[in-house]
Amino acid sequence: MMTPNDLRKLANKIRRRDLRAVFEAGAGHIGGEMSVTDILTALYFEIMHVEPQNPTAPLRDRLVLSKGHTALALYVVLSEKGFIPPEEIATFLQHNSRLNGHPNRVKVPGVETNTGPLGHGLPIGVGMAKAAQLNGESWRTFVITGDGEMQEGSNWEAIMAAAQFKLDNLTLIIDHNRLQQGAPLADTNNLAPLAPKLEAFGWAVEEIDGHDMEQICTALSAETITTGKPKCIVAHTNKGQGISFMSDNVAWHHKVPNEEQYKQAMAELEGAMA
Amino acid sequence: MSNPFEGAKLHDCRDAFTAVLESLGAENTDIVAVCNDSVGSSKLGGFRDKFPERLINVGIAEQNMVGVGAGLANGGKIPFVCAASPFLTGRALEQIKADVAYSETNVKLVGISSGMAYGELGPTHHSIEDFAWIRALPNVPVVAPADRIETATVIKWAAAYQGGCYLRLSRVGVPDLLPEDHVFELGKADQLRAGGDLTLIANGVLTHRALIAAELLAASGINARVLNMASVRPIDEAAIVAAATETGAILTCEEHTTFGGLGSAVAEVVVEQAPVPMMRLGVPGVFAHTASANALLDDFGMSPEAIAESAQALLKRKG
């Protein structure tokens with residue numbers, strides 16, 4: 001069992017590895033990777049029951065990264081957890097690497113479904129949770145979406161179904177960093193506030209600071225499930241979290257740091273743990 | 001003799017589908033049905049009554065329906081995802097691509113009332129693009145059975161097959177065409193009639209019409225081979241090449257646009273492996289006018305008589 005401080009240190013390490021891989025590959029979605037890293041770290045190292053040596057164990061908990069463009073953050077987490085060799089991160093986006101820009105379940109152990117087009121993960125999560133419910137099994141399903149992604153209508157189809165089916169074994173985490181690819185949500189198709197909308201659809205909703213490890217772990221714990229209701233965690237996050245010039249800056253959706261920016265970003269992340 | 005099926009009882013293939021699904025469901029609790037408020041049109045009422053928990057009706061939400069199917073498969077279930085073909089394949093095409101084909105999930109996509117079965121309801125409810133759309137995707141076999149016997153064996157095959165597939169069923173009545181002990185084999189055509197002058201290749205409700213056309217041709221002294229090509233992808237290349245080399249001309253008939261369907265799939269094999277004169281009958285790249293399902297097929301040149309006339313015209317091009 002890791003302490004919140006252990007988890008923070010690990011998340012910082014994951015951010016650093018992610019940053020380096022983006023710099024070396026010359027591509028990636030660093031803004032959204034930094035915003036989702038704390039949530040992924042808490043899931044894989046505190047909450048979920050998974051077996052890296054047996055990635056398709058029938059009773060494992062499932063994680064669907066619906067915001068598939070932040071695959072690199074998932075790869076680094078999977079490598080830290082032991083699903084793939086840590087040195088493989090260096091192959092990200094390289095010719096014939098299995099670490100594609102979007103995750104592939106057939107190639108990468110630990111990946112549950114091939115995401116990329118937005119609005120796909122939650123319907124799949126509903127199906128997973130329904131399977132567990134039918135079998136009377138206690139494994140849980142977690143889906144992470146971006147907030148811009150909630151503009152996809154398929155998510156709302158799934159939100160209706162999850163409430164109708166009383167899938168209290170399903171947890172949706174919305175990475176609410178308020179920025180989509182080219183502009184703030186507020187200037188595009190503003191869904192905020194998200195919580196009352198999910199509540200209106202019959203979900204149990206909790207709002208947290210998506211970078212506060214204690215809050216993340218508490219919200220994800222099985223003890224906070226409301227019987228008969230799917231759960232939505234609206235995680236208030238910052239795109240580019242941990243790196244001052246990227247943080248909350250729409251320009252860093254998929255921008256790649258130059259060498260000077262890379263050094264500064266790395267120094268900031270290292271400094272945060274000093 | 002012009003119509004060998006004169007007076008034969010016509011059957012709705014959906015009944016064979018649900019009868020087999022219910023019997024498989026009794027043997028295997030992992031078999032579930034997923035639908036989009038289509039319990040009636042998919043004829044899932046019996047399945048629901050027998051296994052209420054295993055009938056998962058997501059409401060009118062096809063994208064979610066296919067995603068839920070993929071998630072159920074991830075959880076070890078064998079989902080039969082059933083909906084009217086146009087909405088299953090058209091509305092949820094990206095889910096079929098990403099969540100079923102690319103993710104290689106064990107989802108059985110069952111398109112009901114396919115082709116122009118909805119007749120007068122018009123082109124929004126017709127599904128004459130689905131062969132082209134789904135055939136373009138890796139990992140998803142495309143199968144269109146011709147009668148209730150083939151439908152039953154295809155459903156059994158699908159349940160046992162490890163992987164996704166698209167099964168294209170009609171609701172237009174057809175008589176029994178295949179032998180009762182027929183067993184479907186993926187990628188394998190069935191020769192329903194021997195002949196050496198040309199080959200008619202059809203599937204779905206067109207197989208019935210092609211067989212009648214072959215009898216009409218026989219009355220004119222023309223011996224047509226008839227291949228039932230339920231499996232559109234993978235397609236039986238050997239049977240197509242044999243038809244080309246042994247009969248010298250191929251006429252395809254399908255309840256689909258002529259852009260990218262069965263005729264195109266056959267032509268791809270013919271042009272690369274055994275070029276011979278070909279003609280492709282289908283819907284000629286237009287949205288259909290108002291007419292019943294069978295009248296539309298007649299109007300688009302696929303009455304048995306018109307198929308026979310096309311065959312005669314094709315024979316004139318044979319070297």
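This is a predicted model: local features need pLDDT of at least 70, side-chain atom pairs count only at pLDDT 80 or more; totals for chains, interfaces and linings use all residues.
Entry 1, a helix pair in chain A. I looked up helix H1 (residues 4–25) and helix H2 (residues 30–47) of chain A, and found that they pack at an angle of about 140°, with their axes 9 Å apart. Angles over 145 degrees would count as roughly antiparallel; H1(A) and H2(A) are therefore oblique to each other. I noted their crossing as right-handed. On the H1(A) side, the residues making the contact include A:Leu7, A:Leu10, A:Ile14 and A:Asp18. On the H2(A) side, I listed among them A:Ile30, A:Met34, A:Thr37 and A:Phe45. Sorted by class, the contact of H1(A) with H2(A) holds 10 nonpolar, two polar and five charged residues.

Entry 2, helix H5 of chain A. I found 12 residues in this helix, 153–164, and a reach of 17 Å from first C-alpha to last, close to the 16 Å expected. I checked burial in H5(A): the buried residues include A:Ser154, A:Glu157, A:Ile159 and A:Ala162. The buried residues of H5(A) pack against H4, S2, S3 and H7 of chain A, and also against H3 of chain B. After H5(A) comes A:Lys166, where I read a positive phi, near 55°.

I noted 25 residues from chain A and 24 residues from chain B. On the chain B side, helix H3 (62–74) and helix H5 (93–102) each supply at least two residues. H3(B) gives the largest share of that side, nine residues. By class, I recorded the chain B side as eight nonpolar, 11 polar and five charged residues.

Notes. Residues are numbered from 1 along each chain as its sequence is written. Chains are lettered from A and ligands numbered from 1 in the order in which they are written. Two residues are in contact if their C-beta atoms, placed from the backbone, lie within 7 Å. Helices (H or I, at least four residues) and strands (E, at least two) are DSSP runs, numbered from the N terminus. Ala, Val, Leu, Ile, Met, Phe, Trp, Tyr, Cys and Pro count as nonpolar, Asp, Glu, Lys and Arg as charged, and the others, Gly among them, as polar. The expected span of a helix is 1.5 Å times one less than its number of residues. A residue is buried if 20 or more other C-beta atoms lie within 10 Å of its own, exposed if 12 or fewer, and partly exposed in between; C-beta atoms are placed from the backbone. Axes are lines fitted to C-alpha atoms, for helices over the stretch in contact, and angles run from 0 to 180 degrees between N-to-C directions. Angles under 35 degrees count as roughly parallel, over 145 as roughly antiparallel, 65 to 115 as roughly perpendicular and the rest as oblique. A crossing is left-handed if the near helix is turned anticlockwise from the far one by less than a right angle, and right-handed if clockwise.
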